[in-house]
Amino acid sequence: MFGQAILNDNLPGAKQHHWSPYTDNGGTIVAVAGDDFAIIASDTRLIQGYSILTREQPKLFKLSEQTVLGVSGCWCDVLTFTRTLEARMKMYLHEHLKPMSTPAVAQLVSTMLYHKRFFPYYVSNIVAGLDQDGKGTLYSYDPVGHCEKNRYRAGGAAGAMLQPLLDNQVGLKNMKGGVLPDITKEKALMVIKDSFISAAERDTSTGDGVIINIITKSGVEVMHFPLRKD
């Protein structure tokens, strides 16, 4: 009877109808930059509510041999944003006869997000790559285009959970006498893998597998390792 009463539209009183153009399809991005490399990784689980849509959907988009974009959030917005960005980069390539640099890509991403500020893309972005001097660099964003340059960053569904871990293991925050050295590629890989293993234990939208892109002057190397699938 209670359920029937809830569904009866003929009952008097205020009624609320709710609809949202956004949905959160999950996904976690973690990135660490070193002296001559940048590493960015994402899980491969795509969800809607408590349903798993696919277990094999990476959230990394290779934009050039020096730049990779990690995007998570509303998957339709992810596809729209990345396709528009790739088209803008092709226009730049044909006009200037050279690929766009990582700092230029970072500025373009910021401009595109700000352009949609009144109806923002529901996405979390991290740009990873090498700058003009061959040094690793990362850029993270809020939904309306504010850009911050970082040495390490976590974003997406488990971003709030993993950022303190990176602050401790990479940034050495709140550690007495801690000297911040240049992180090695091996150390960065270990921290990223441990981060995703930890996230998969606590966050149901993160899991199944991890795709890792290692960006060096030689190009982009792709690695994969599995996560728990429950």
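Which residue in β9 stands opposite L138?

Mentor: The residue opposite L138 is N150 in β9. This is a predicted model, in which local features need pLDDT of at least 70 and side-chain atom pairs count only at pLDDT 80 or more, while totals for chains, interfaces and linings use all residues. Residues are numbered from 1 along each chain as its sequence is written, and side-chain values use heavy atoms, with hydrogens and water left out.

Helices (H or I, at least four residues) and strands (E, at least two) are DSSP runs, numbered from the N terminus. Strand β8 covers residues 136–141 and is joined to β9 by four bridges in the antiparallel sense; two strands pair if DSSP finds at least two bridges between them. Strands of a sheet pair through backbone hydrogen bonds, either parallel or antiparallel.

The β8/β9 pair belongs to an open sheet of five strands, ordered β5-β6-β7-β8-β9 with antiparallel pairing. Its edges are β5 (60–62) and β9 (147–150), each of which pairs on one side only. On average, neighbouring strands here are turned by 20° against each other, direction ignored. Axes are lines fitted to C-alpha atoms, for helices over the stretch in contact, and angles run from 0 to 180 degrees between N-to-C directions.

Across β5, β6 (67–73) and β7 (123–130) lies helix α2 (residues 75–96), running at about 155° to β6. Helix α2 also packs with α3 (residues 102–115), at an angle of about 130° and with the axes 11 Å apart. That angle makes α2 oblique to α3, since angles under 35 degrees count as roughly parallel, over 145 as roughly antiparallel, 65 to 115 as roughly perpendicular and the rest as oblique. The α2/α3 crossing is right-handed; a crossing is left-handed if the near helix is turned anticlockwise from the far one by less than a right angle, and right-handed if clockwise. In this contact (heavy atoms within 4.5 Å), F81, T84, L85, R88 and M89 of α2 meet V105, L108, V109, M112 and L113 of α3. By class, the α2/α3 contact has eight nonpolar, one polar and one charged residues. Here Ala, Val, Leu, Ile, Met, Phe, Trp, Tyr, Cys and Pro count as nonpolar, Asp, Glu, Lys and Arg as charged, and the others, Gly among them, as polar.

The loop between β7 and β8 contains K135, and the loop between β1 (28–33) and β2 (38–43) contains D35, 100 residues apart. Their side chains meet in a salt bridge at 3.0 Å, N to O. A salt bridge is a side-chain nitrogen of Lys or Arg within 4 Å of a carboxyl oxygen of Asp or Glu. The whole structure has seven salt bridges.

Both β1 and β2 lie in another open sheet of five strands, with the order β10-β1-β2-β11-β12 and antiparallel pairing. Its edges are β10 (152–156) and β12 (219–226), each with a single partner strand, so one side of each has no neighbour in the sheet. β1 and β10 run antiparallel and are joined by five bridges, and I29 has G155 in β10 as its bridge partner.

Helix α4 lies across β1 and β10, at about 170° to β10, while α5 lies across β1, β2, β11 (209–216) and β12, at about 15° to β2. The two helices, α4 (residues 159–169) and α5 (residues 185–202), pack at about 150° with axes 10 Å apart, and are therefore roughly antiparallel to each other.
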